[in-house]
Amino acid sequence: MIKTIIKLKILKFILIGGVSVAYAFKRCCDQKNGLKSKKDKKTLLLTR
């Protein structure tokens, strides 16, 4: 019984860690895409 509880706690930490890493990676990618889109908008305005 104790072994299953320990395994479940470890699994919980792995799942929470995976979700937090995925969220951080998504935020990082969104910020990079936001910077690229801002630069593209500025160049489009300058070329008109």
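1. Let's start with isoleucine 14, which counts as exposed at 54% relative accessibility. Here exposed means over 50% relative accessible area, buried means under 20%, and partly exposed lies in between (1.4 Å probe, protein chains only). Isoleucine 14 sits in helix α1.

2. A word on what you are looking at: this is a predicted model, where local features need pLDDT of at least 70, side-chain atom pairs count only at pLDDT 80 or more, and totals for chains, interfaces and linings use all residues. Residues are numbered from 1 along each chain as its sequence is written, and side-chain values use heavy atoms, with hydrogens and water left out.

3. The overall fold is quick to describe: one helix and zero strands. Both are DSSP runs, numbered from the N terminus (helices: H or I, at least four residues; strands: E, at least two). Of the protein's 48 residues, 0% count as buried.

4. The term means a side-chain nitrogen of Lys or Arg within 4 Å of a carboxyl oxygen of Asp or Glu, and the structure holds one. Both residues lie in helix α1 (residues 2-47), four residues apart, about one turn of the helix. Aspartate 30 is partly exposed, at 40% relative accessible area, and lysine 26 is partly exposed, at 49%.
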